[in-house]
Amino acid sequence: MELLRRDFIAGSTAVAALAGTAQAGAPANAAMYGLIGRMTARPGQRGALAEILLGGVSDMPGCLSYIVAEDGENADALWITEVWESREAHAASLSLPAVRAAIARARPLIAGMDNGHSTRPIGGHGLK
């Protein structure tokens, strides 16, 4: 499956949390920004891809939650769920050198990505 640039950029948002930690929650009047997506690793590479995605998930400015989960039905798929203080915080994370390096390491392991979905989280257990 060939990765389109747009799909890679959308999916690589999952990798964006590689550089950082969750900060204190967003101000009450700010709209949080969320992303949910499924990434499929090349056969047998899900563990290695997950390790890259989970490496350094602390110290990410503006990241309130970053979860990587194994798909229960597809042995090569991962689900990535992110919550950010704002859309801008997420966008800024994509330019960090550590994130760019992680994307470069992860790209050869990625077979494909579903169209991700953006959300507007309103709260819940586990949000910092």
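User: Helices are DSSP runs of H or I with at least four residues and strands are runs of E with at least two, both numbered from the N terminus; in which strand is the place of Y66?

Analyst: Y66 belongs to strand β2. The model is predicted, so local features need a pLDDT of at least 70 and side-chain atom pairs count only at pLDDT 80 or more, while totals for chains, interfaces and linings use all residues. Residues are numbered from 1 along each chain as its sequence is written, and side-chain values use heavy atoms, with hydrogens and water left out.

User: What makes Y66 count as buried or exposed?

Analyst: Buried means under 20% relative accessible area, exposed over 50%, and partly exposed in between, with a 1.4 Å probe and protein chains only. Y66 has a relative accessible area of 10%, and is therefore buried.

User: Why is the pair of R38 and D71 called a salt bridge?

Analyst: The term requires a side-chain nitrogen of Lys or Arg within 4 Å of a carboxyl oxygen of Asp or Glu. Between R38 and D71 the N to O distance is 3.5 Å, so the pair qualifies. This pair links distant parts of the chain, since R38 is in strand β1 (residues 33–41) and D71 is in the loop between β2 (63–70) and β3, 33 residues apart. R38 is partly exposed at 22% relative accessible area, whereas D71, at 12%, is buried.

User: What can be said of D114 and R38?

Analyst: Their side chains also form a salt bridge, with an N to O distance of 2.8 Å. D114 is in the loop between β4 (110–113) and β5 (117–119) and R38 in strand β1, so the pair ties together parts that are 76 residues apart in sequence. With a relative accessibility of 36%, D114 is partly exposed.

User: How many salt bridges does the structure hold?

Analyst: There are 3 salt bridges, including the one between E70 and R46, at 3.6 Å from N to O. E70 is in strand β2 and R46 in helix α2 (residues 46–54), so this pair joins parts that are 24 residues apart in sequence. E70 is exposed at 58%, while R46 is buried at 14%. Salt bridges with shared partners join R38, D71 and D114 into one network.

User: How do you know that E82 has no salt bridge?

Analyst: E82, in strand β3 (residues 77–84), is buried, and the nearest side chain of opposite charge, R87, is 12 Å away. Lys and Arg count as positive and Asp and Glu as negative, with His and the chain ends not counted. The side chain of E82 does make a polar contact of 2.8 Å with that of W84. That term means N or O atoms within 3.5 Å; within protein, one must be able to donate a hydrogen and the other to accept it, and residues adjacent in sequence count only if both atoms are side-chain atoms.

User: Why are the buried residues of α4 said to line one face?

Analyst: In helix α4 (residues 97–106) the buried residues are V99, A102, I103 and A106. Viewed down the axis they fall within an arc of 100°, so they line one face of the helix; the arc is that of the directions from the helix axis to the C-beta atoms. P97, R100 and A104 are exposed on the other side of α4.

User: What is the mean pLDDT of the protein?

Analyst: On this scale of the predictor's confidence in each residue, from 0 to 100, the mean is 81, and 77% of the residues reach 70 or more. Over residues 1–10 the pLDDT is below 50, and this stretch has 14 contacts (heavy atoms within 4.5 Å) beyond near neighbours in sequence. Where pLDDT is low, the predicted coordinates should not be read in detail.
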